[in-house]
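Thanks for coming, everyone. I'll walk through one model and keep it short. Please have the viewer open.

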Amino acid sequence: MRLLAGMVDFLDARLGIRELIRANLTGYLVPRQINVWYALGSVLLTLFAVQVVSGMLLLIYYVPHADLAYDSVHRIMNEVPFGWLFRYLHVVGSNVIVIVLLLHMLSVLFMGSYKKPRELNWLSGFILLNLTFGLCLTGYLLPWSQLSFWATTVATDVAGAVPFVGEALVNILRGGTMVSEATLGRFFVLHVIGLPLLLALLIGFHLFCIRRVGISTPPFASSSQGSTAGNPPPDAAAGDIPFFPNIITKDLAVNAFVFAVFMALTFFAPHLFIPPTAFTPADPFVTPPGIKPEWYFLWAYQTMKIFPSEFMGLAAQGAAMTFIALLPFIDRGTERRPAQRPIFVTCFVLGLLLFAAISLWGHYS
């Protein structure tokens, strides 16, 4: 114990770790009323950590070559000790991350937590969502199965709808006119280096923004209307409970619940996210019937089919995504209580129903 105390004293004298811990845990005050929805951010950090660890273990055996990729995944599943577990953790975890990310952003929208002074929190979170989609898309090709090959062909075809530069964009994405080994190499580098690096930097920026302006008070509390910026944040000054142990305990409880669901899906229902065509090697000369993208891209897939031209479908998606990204700069009102925002709540519900309806349409079309 004396050795440990001596080490802590050594580090504290040079790094000020005691003050750092006090300022960010026991001395960091947050609103008393924050609810379980606020824990989704910490759940996402846990899930991303699982992705990193399982991905690194898979990298030991995976071979990013068109002739060897499928066999290496087959070997991971059938010969490597617990390889099947790490692959299922990685695949199921990516889908759970998308679900939790969407729930996190929907809760932020519903509670008006994107409003001033948290515009950058929202914008960085929105970019994180799209980077996650990018990670899912690039990772989807790596098993080099029939499903991953043709789903990637469909997804990269979308870029061809961009006027003037569409064909060039498709060639850049694929490394040629067709999905090939060049595409596999590009997606592999993006999946294991490029996008994770950007994701880590953006998560750091997102956490910095949260720490800088403070955690928003839930709109159901009387003090939530029209909260403004400040350092220390006015919410925290009025709030009242230390981050540790109060909020960390709540975060751990929500993490445990989500992790239990995650494990149940991994052990008992992984094939919800891995259809039969994922167990057939890629064949560029045989197009499987009814090939479709993952569930979180179905809305985009169906939107491209609704409009008379792919460009119009792409433009509609771009307009919707731009509007969502810039929402904090468009909605400048200070009112955050849902009951006092009937137009917003109506649009929120209709938007959710539209998203679900178009996705189902895409699934069954």
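First, a term: a salt bridge is a side-chain nitrogen of Lys or Arg within 4 Å of a carboxyl oxygen of Asp or Glu. Next, the ground rules. This is a predicted model, where local features need pLDDT of at least 70, side-chain atom pairs count only at pLDDT 80 or more, and totals for chains, interfaces and linings use all residues. Residues are numbered from 1 along each chain as its sequence is written, and side-chain values use heavy atoms, with hydrogens and water left out.

Salt bridges, then. The count by that rule is nine. Start with Arg 18. The side chains of Arg 18 and Asp 12 meet in a salt bridge, 3.2 Å from N to O. Arg 18 also forms a salt bridge with Asp 9, and there the closest N and O atoms are 2.9 Å apart. Together, Asp 9, Asp 12 and Arg 18 are linked in a network of salt bridges.

Arg 18 is partly exposed at 42%. Asp 9 is partly exposed too, at 41%. Asp 12 is partly exposed at 23%.

Now the helices around that network. Helices here are DSSP runs of H or I with at least four residues, strands are runs of E with at least two, and numbering goes from the N terminus. Helix H1 covers residues 2-15 and helix H2 covers 17-26. Their axes come within 7 Å and cross at roughly 80°. Axes are lines fitted to C-alpha atoms, for helices over the stretch in contact, and angles run from 0 to 180 degrees between N-to-C directions. So H1 is roughly perpendicular to H2. The cut-offs: under 35 degrees is roughly parallel, over 145 roughly antiparallel, 65 to 115 roughly perpendicular, and the rest oblique.

Which residues make the contact of H1 with H2? From H1, they are Val 8, Asp 9, Leu 11, Asp 12 and Leu 15; from H2, Ile 17, Arg 18 and Glu 19. Contact means heavy atoms within 4.5 Å. The set divides into four nonpolar, no polar and four charged.

Another helix pair: H12, residues 298-306, and H15, residues 342-364. The axes come within 8 Å and cross at roughly 80°. That makes H12 roughly perpendicular to H15. Contact residues of H12 include Leu 298, Trp 299 and Tyr 301, and those of H15 include Phe 355, Ile 358 and Trp 361. The contact of H12 with H15 divides into seven nonpolar, five polar and no charged.

Asp 157 pairs with Arg 174 in a salt bridge, with the closest N and O atoms 2.7 Å apart. Asp 157 lies in helix H7, residues 146-157, and Arg 174 in helix H8, residues 166-174, so the pair ties together parts 17 residues apart in sequence. Asp 157 is partly exposed at 39%. Arg 174 is buried at 5%.

How many of the twelve residues of H7 are buried? Nine are, so H7 is largely enclosed by the rest of the structure. The cover over those buried residues includes H6, H8 and H9. Gln 146 sits in H7 and is buried at 6%. Beyond its neighbours within four places in sequence, Gln 146 is in contact with residues including Thr 277, Pro 281, Asp 283 and Ile 291.

Now H3, residues 40-61. Its buried residues include Leu 40, Val 43, Leu 47, Phe 48 and Leu 58. What covers the buried residues of H3 includes H4, H5, H6, H9 and H11.

Last stop: Pro 218, in the loop between H9 and H10. Pro 218 is buried, at 2%. Pro 218 and Pro 31 are 187 residues apart in sequence, yet 8.3 Å apart in space, C-alpha to C-alpha.

Conventions. Nonpolar A, V, L, I, M, F, W, Y, C, P; charged D, E, K, R; others polar. Expected span 1.5 Å × (residues − 1). Buried < 20%, exposed > 50% of the residue type's maximum accessible area, 1.4 Å probe, protein only.
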